[in-house]
Amino acid sequence: QETIKVGFPVPLTGDFAAYNEVEGARCMAEMINQDGGVDGRMFELLVQDTGADTQTAISLTERYLGEDIVALATIPFSDTMIPVAQIAGSQGVSVIQAQSTQVEMHSGVVDNFITNVAPDPYTATAAANYALEQGVQNVAILTSDEGGSWSAALPEWFAEVIVENGGTLQTRLNYTSGTTDWSPQIAELRGLDPAPDAVFISWAMPDIGILIRQMRSAGLGAWVVGSDGFDDPSLDALAEEDPSLLDKVFFGTLAPAVPGSRIAEFQDQCAEMGMEVNGLFPSLGADTIRIIEYGVQTAGSTDPAAVREAIRNAESIPVMSVEEITFQDTGSYALREIPVIGFENGERVVLSQEIPENVPDWQ
Amino acid sequence: MLEVRNVSKNFGGVQAVQSVSFTVGDNEIHGLIGPNGAGKTTMLNLISGLLSISGGEIELDGTPVHGLPAEQRARMGIARTFQNLRLFRNLSVRRNIEVAEIRMRGSKVADPALLSDAIDRFGLRGVMEHTPDSLPYGQMRRLEIVRALALRPKVLMLDEPAAGMNHAETDQLFENLTWLRARHPCSIVLIEHDLKFIMSACEKLTVMNMGRLLATGEPAEISSNEEVIKAYLGQGTHSNGRTKNEKLETDA
Amino acid sequence: MNPSQRRGLLGSALLSLLILLIVGAYYLWGEAWQARILYATFVNLLVVVGLQVFMGNANLTSFSHAAFMGIAAYAAAICVTPVAMKAISLPDAPWGLNAFALSPWTSALIALGITGFLGLLTGLFIARLTGVGVTIVSIAILVIVHSIFLHRTDIFKGNQALFGIPKVLDLPQITALVILAIFGARWFRESRFGLQLRACADDEIGARAMGVNVYRTRLVAWVLGTMFFAVAGIAYAFFLGTISARPFYFNFVFLTVAMLILGGLRSVSGAVFGTLLISIGLETIRWLETGPEILGIQLPQMLGLSGLMLGVVIVGVMAFLPSGLMGNREIEDIIRPKRQETP
Amino acid sequence: MDYAIQQILNALSFGAEYALIALGLAIVFSIMGLVNFAHGEVIAFGGYSMVIVGTLLTRNPFLLMGAVLLACVLVSVLLERVAFRTVRKADLTTGLLTAFGVSIILQNLFLLLGSPRPIPATQFIFLDRTITLGAVQVSSLQIYETLATAVAIGFLLFFLRRTTLGLAMRAAALDFEMVRLCGLRANRVIATAFAVSGLLAGLACIFIMARRGSVLPHMGFDPVLTAFVACVIGGFGSLPGAVLGGFLLGAVEVAVLVLLPQSYGGLAQAVVFALVALILVWRPDGILSPAREKGDKV
Amino acid sequence: MLEIQDLKVTHGPIEAVHGIALTVAEGACVTLLGPNGAGKTSTLSAITGTARSTGLIRLAGTDISRLPVEARAKRGIAISPEGRRIFSNLTVRENLVMGAAGRRDKSAIGSDIRGWFEQFPILGERRDQPAGTLSGGEQQMLAIARALMSRPRILLLDEPSLGLAPQITARIFDIIGDLKRQGITILLVEQNATAAIELSDYVYVLNNGLISSEGPAERYGDGSALMDQITGVHG
Ligand SMILES: Nc1ncnc2c1ncn2[C@@H]1O[C@H](COP(=O)(O)OP(=O)(O)OP(=O)(O)O)[C@@H](O)[C@H]1O
Ligand SMILES: Nc1ncnc2c1ncn2[C@@H]1O[C@H](COP(=O)(O)OP(=O)(O)OP(=O)(O)O)[C@@H](O)[C@H]1O
Ligand SMILES: [Mg+2]
Ligand SMILES: [Mg+2]
């Protein structure tokens, strides 16, 4: 019986190891295999570490292509995804990425790319919509060039939606990664008149933890709004110190990973099977497997092109993180509900969940 | 001809050289002597350009050189050795010499056989592929001289070339210098504390003391100069016979 | 040509033979995907040999090579990418950068020119410094260039991909470049500049007193080194088709410096051996990391081993072989030791 | 006006942190000519020990501080023993590269045994309280840090200039064997230097942890890179130079952040490093020491 | 005081001294003569422990050949080494303090330093200058003074007159004479055979790593007979 081979030339070490989608993918593949596979076909994951190096990812890709894979996934950065997709494309194989939100993957540069999530403007819009509901008018955004469009353009999209709805963008402030002292930026924020209602930053731990803490102790009560970078278990540590620190914090993200959600349930199941899956990003790997499962089932074969065709044409594909996603209208990214997550007594709660309609023009 | 006129040098508060003048004639072996710390090495550094002068002038064959960088002076023919050896540790003896010779490659080298003869004469032939570290001290000193010679110097300045050598070796050095002068006529400035060596080798002496010029002249004049005796040679008042010996040798 | 230059030619020829043997082995027995690894190794080899030119001969530590490589890669990429592609990848580029496309040759020449010019400009500063000063300023160059790549996203796309670069080069071409580089670096080492630079490294004052213009010698080596990095950068862009700022930063610097010092920075052969050894070693470790089965024994997964090993190699070499595998020797010194002249 | 004072205070606090780290680098450099890039990993090690001790033994912040200091001192001395002792006689390049190697090893160990994610450790956060003085706000941490730096520099200067052990440290940098010939256990002298540097790293670690509340494998790299630059501006190996360089960098960094138009904000680091490069070209031996003429002397 | 048997000294693969025996009696001054490269410095390095050696080295009856360098120094061996090896970044004064670093009676250090500044006034003038900027001869004086700052039981001097002006050379030999009278044991390596022999009680001549001749100083007269032996000029 043939197997369903999926290649994972991904960073298991180095600065980007936290993306590790293999964790979720392994667990989901194991679950499906234990249930007898996809019409008797078992999943087989080919995994090797790239240390986030593009060259290595590419040579591993070529190697996996020689082993009849159905699809492959790699680090969610376009500088690696594009060449990997180009090479995979030459053999008809698709790249199915679980976490990639970068917009330029959808500019038509490759046609064999599918991502399980929606691009950055969607998260920005969902967050902005919720902020507007809370009466936010005046916003300040913090940007950095270091995270690509995620950290530089995403805040702008957020501001665009706010401004379109009658709000004001008061200022843009800049920062660099590894900031452990935000005093200069906070001094600037304190100088704003009127005081901002919300501060948007698309960034990650630990820097944002420090920012939130320093803002609060400097007496700045504005909402702190963010994107999927906030979706990290270590943010919850702030609640241990003082749950009220997180009271006015929320973020738009890729999928709802809150207590009681499907993702949390999945993580529990994995833990029972002895496979540790931590955090949102690794869990999303399970969606990749579910998407491929659907494709293989529908196509009735492991021919990569047929599988991709099946996935793109599906009205609805059931995945782990949400009930369903679809690629019918978009071709390369999933239209799915974007959750906005906030905190109640330090616990994550879903504040809103929608497929935003008013996404700024990004294409 | 090298002419030093009213040259001074101070390091912060230390007046290492104060308005010193002397002339080294063509083809002359000129001794530069004086007590420790008199400023001899400093004077060499000033002439070779490793230190910039605080005042005065230095001329080589009538061209002022005191404004030029050290490497340019070396190319003009001011070569030197160092009191604390400065050989290229990771280069073989051959290549140590080559570094100095390279400068000459563009121009037509006068007397191409000079180096080869010097290498034989100074006993380096057998160690051409060795690195300096593995050589005995005396041989390193000789290598410094040959290396300086590769610049085909007009003025060759030697800073205590006989330090650490015994009498036999000093004698041999003396012979080598004599040979050298016959083979490659040039002015030689010689700093030494071995008075016997100085007195027999030099045609002219300049004595420095505490940064100042004390006297300059023929060895015979110098050795009978009261001030020089007082400041440098010593008056034989010491308890052991050593200084008397030295005097004797001086007179010889 | 003097004897050391003749030996230099011999040594370069031997190293080239080694390179050709490796490439030959690939064509005979290799699998397609290994071509990538080989190509990447050769790009690194270009960089490491270029590093040897300055770091090895001057015995100064510089970390800016990744920056120069990046500059050349971007310059070549921006010039060569077809206009239609640039409309997608660089829609906001200023100064009409996205309105023209040049032939690969012209693009490469422009990239070399720009990098060389910047090499000269930075060299004017670097050549004045010694010791840690050089390291610091080189780090400054690396950080500044990286910041600009990140900041001017309209031109460089920052950490995002600049894609659509046509694939111009392949294994045969880079093999030729590597061989050229080896001859070049060896020629430099044995040239008057190389010799003078090595003398400066041992004793700067001594060298000046021997008529060596320290400043100019360092400058020449620095600029020449940047040309090697430029070629490597162009080769990188012309093969991969996609570049970003990420690979041209500290990680790459560490890797290449480790390669250089394993082989021994004083020798070109050392640079070559170091690169080959570390590349092979990393491939092996990468395979071991994933927990393969050897002789029926299932090894555990050991992630992070490759990074660890890189550090261990650096520390180990520095401690036990401070001048690297080759030290002062070149390949021909091992195969045909110098005859000692009899006195 | 208040705003200006506020930003000046910020600059001081940035500077104090750099100065503290730079001191740790400078002391090792002045003793054995080693550019210790692994200093940042010593700091990170302090952070990880805090996590371990904090979860296993005690959550008492003061005991934890002791544990962090001890851990940093121990690991610093251990590094000297296993890695740096072998390259003691080697030249600058060798030492620098060894330190790089050690830094890579430690970072990967943290990754392997710890996690690529930040691990929270929030026990020191209580140090970071905002104090309002009129319209100006200062963090208590900023005050502690500036004080700690001042005390450290005072103590170190006294130690190096006035005690035999201090003298021996400086002497060992020049001629290790000769120090032994003078009858001193030179190994111990150098170990002491590393212990002092570890202590400084521990102090810096406490302040950093108080600010960020979590550890990361590469958390030490950036601050040490900056501190390294501070050292060089001040004249490598000079302790007052390190402090001065640290404060100067802090000032430049805040100034660039505040004065540069926000659209150029991404270039802040570039501007800082460009300034550094220019300073170095102007004064190769650091701003404190005008280029000294040495002639043929060493 | 010092007794050496079958001493072999190696520098890496090179054996510089091939098995020599040597005795320095308590309070005596013994001179080691020999051409360049004979192994004189190597012998001294073996005694201080800075060179690798085999054989017996006994100081005041105890075998010290296994002791580390600093322990030997603590037992009273001091050296003014070849190449002077002053601490160039430390000031002149600090160099002297370093010399006394192993000493227990800290109180007398200050007066000892003043004593040396009287002996060598130029050093006094340069007391706060980095020692690296001293002239060659000044450094030599400093090296000797530093060795004596430890108040050693046995003093090893490696070519103390190297680079010194005649007057200072004379002074150095005077000082050595004084030290001898004070009962300090001295092992002297010198190129200046005449002066050295005059001072010393016993003489060893080293050639190519072996002792080629030895005897009481008187036997060598003014040393001129030795000149023929000490000819090993390389080349
Ligand atoms: N770079 C410097 N900085 C400060 N003082 C210096 C420097 N170089 C030399 N001096 C001082 O200048 C004086 C002259 O030194 P110099 O080396 O010229 O003496 P010298 O005549 O060569 O003595 P010797 O015979 O002992 O070698 C010395 O007292 C020395 O301390
Ligand atoms: N560090 C070393 N490495 C290799 N060889 C050495 C080393 N030190 C000394 N030698 C060799 O050992 C031999 C003896 O050297 P040593 O320095 O003991 O001679 P010496 O009698 O003190 O001579 P000099 O009068 O020149 O000081 C020489 O041939 C020398 O080349
Ligand atoms: Mg002198
Ligand atoms: Mg000797």
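Guide: A helix here is a DSSP run of H or I with at least four residues, numbered from the N terminus. In this predicted model, E:Gln139 is found in such a run, helix H6 (residues 136–149) of chain E.

Visitor: Is E:Gln139 buried or exposed, and how do you know?

Guide: Buried means under 20% relative accessible area, and E:Gln139 has 7% relative accessibility, so E:Gln139 counts as buried. Leaving aside residues up to four places away in sequence, E:Gln139 touches E:Arg84, E:Ile86, E:Ala131, E:Gly132 and E:Leu134.

Visitor: Why are E:Thr41 and E:Glu82 called partly exposed?

Guide: The term covers values between the 20% and 50% cut-offs; the relative accessible area is 22% for E:Thr41, which therefore is partly exposed, and 39% for E:Glu82, which is therefore partly exposed as well.

Visitor: Which residues coordinate the magnesium ion (ligand 3)?

Guide: B:Thr41, through OG1, and B:Gln83, through OE1, coordinate that ion at 1.8 to 2.2 Å. These residues are 42 apart, B:Thr41 being in helix H1 (residues 40–48) of chain B and B:Gln83 in the loop between strand E6 (78–80) and helix H3 (93–102), and both B:Thr41 and B:Gln83 are buried.

Visitor: What makes the phi of B:Glu160 and of E:Asn208 worth a remark?

Guide: Most residues other than glycine have a negative phi. B:Glu160, in the loop between strand E7 (155–159) and helix H6 (167–183) of chain B, has a positive phi of about 50 degrees, and E:Asn208, in the loop between strand E9 (202–207) and strand E10 (210–216) of chain E, also has a positive phi, near 50 degrees. With 4% relative accessibility, B:Glu160 counts as buried, whereas E:Asn208, with a relative accessible area of 63%, is exposed, since exposed means over 50%.

Visitor: Where does chain A have a cis peptide bond?

Guide: One joins A:Asp193 and A:Pro194, with omega about 0 degrees, and another runs from A:Met205 to A:Pro206, with omega near 0 degrees.

Visitor: Why is chain C called as compact as a globular protein of its length?

Guide: Chain C, whose secondary structure comes to 15 helices and 2 strands, has a radius of gyration of 21 Å, close to the 20 Å that the globule rule gives for 343 residues, so chain C is as compact as a globular protein of that length. Buried residues make up 64% of chain C, and of its contacts between residues at least 6 apart in sequence, 78% join residues at least 24 apart.

Key: Residues numbered from 1 in each chain as written. Chains lettered and ligands numbered in written order. Predicted model: local features only at pLDDT ≥ 70, side-chain atom pairs only at ≥ 80, totals over all residues. Heavy atoms only, no water. Rg over C-alpha atoms; globule rule 2.2 N^0.38 Å. Buried < 20%, exposed > 50% of the residue type's maximum accessible area, 1.4 Å probe, protein only. Contact = heavy atoms within 4.5 Å. Donors = N, O, S within 2.8 Å, 3.2 Å for Na, K, Ca; no water.
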